[in-house]
Amino acid sequence: MIAPELLEKYGALKKSFDKNEIIFEEGNLPTHYYQILSGEVKMSNYNDDGREFIQGIFYKEQSFGEPPLFLNQKYPANAIAVDYSEILLLPKNNFLKLLEENPVISLKIIENLAQRLYYKSVMAAEMSTQEPEHRVLKLIDHGIAYFNFKKDSNGYLINFTRQQIGDLTGLRVETVIRTIKALEKKGLLKIINRKVYR
C-alpha cells in the first residue's frame, strides 16, 4: 500500500514475527501503523466458549489495525502471525505526519478503510441470514476480488484453509467441509488435490 521506502523515511522499522506470534493484543491501545512485507496476519478474537472468530486476514503489502489507531481506541481483536512474517512498524505520530505531508497516501488509506467497511457490511448481512453455501461463496467471491487470489487453468485458487473459512463465516469446520463438497457437486467449486478453486 505505502511504499516501504517512504515508511522507512518516516522512521518505520522492520520486525519479524514467528508463526502464531502475537503482534498486538485485544484491549491494548495502538502505538504503530503496521504494513506486511511478507507473510500473513489474522485479526481475531474469541467468544466465551473459546471459539475463534477471524475478523480479517491480511497479506503482503496490506496494512492492518488502523481504525483504533485513528480513533485512539483499544484494539477490538488480536493480531497474530499466521506464518513467519516481516512487518514494518511506524510509530503513530510519524504515521500521522506522513499522512499530513502526503495527501495522495491519505486518500489511499481512506479507500482501503472504505473497502474493509464495505466488506464487513456485506458479510454481516450475509452471516446473519444466509445458508452455509451462500456464506461460503460470498466469502470466496469477496476473497477473489479483495485478496487477489491467483488464477490458473483450474480457476481461482482459494487461499483460505477450511478452518479459516469457518472462522470468517461463523461456521464449524465440519459444516464448511460439507458445504464445499456440496458446492463442488453443483459445479460451483472445484477440489483438486485437496485445494479449492472457484
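This is a predicted model: local features need pLDDT of at least 70, side-chain atom pairs count only at pLDDT 80 or more; totals for chains, interfaces and linings use all residues.
N20 counts as exposed, because its relative accessibility comes to 54%, and exposed here means over 50%. N20 sits in the loop between β1 (13-17) and β2 (22-24), and its phi is near 70°, which is a positive value in a residue other than glycine.

A second residue of this kind is R194, again not a glycine, with a positive phi near 70°. R194 lies in the loop that joins β11 and β12, and, with a relative accessibility of 70%, R194 counts as exposed.

Let me turn now to helix α7, which runs over residues 173-185. At 1.5 Å a residue, its 13 residues should span 18 Å, and the end C-alpha atoms are 19 Å apart, which agrees. The buried residues of this helix are T175, V176, T179, I180 and L183; seen down the axis of α7, they fall within an arc of 130°, so they line one face of the helix. On the face turned away from that buried side we find the exposed residues E174, R178 and K185.

Against what do the buried residues of α7 pack? Their partners are α5 (132-146) and α6 (162-169), together with the strands β11 (190-192) and β12 (195-197), and the loop between those two strands is where R194 is found. After α7 comes G187, with a positive phi near 80°.

Finally, the annotation: an unreviewed UniProt entry lists residues 15-116 as "domain: Cyclic nucleotide-binding". In the model that span is 29% helix and 40% strand, and its end C-alpha atoms lie 25 Å apart.

Notes:
Residues are numbered from 1 along each chain as its sequence is written. Side-chain values use heavy atoms; hydrogens and water are left out. UniProt positions are given in the numbering used here, feature names are shortened, and annotations may be inferred rather than shown by experiment. Helices (H or I, at least four residues) and strands (E, at least two) are DSSP runs, numbered from the N terminus. The expected span of a helix is 1.5 Å times one less than its number of residues. Buried means under 20% relative accessible area, exposed over 50%, partly exposed in between (1.4 Å probe, protein chains only). The arc is that of the directions from the helix axis to the C-beta atoms. Contact means heavy atoms within 4.5 Å.
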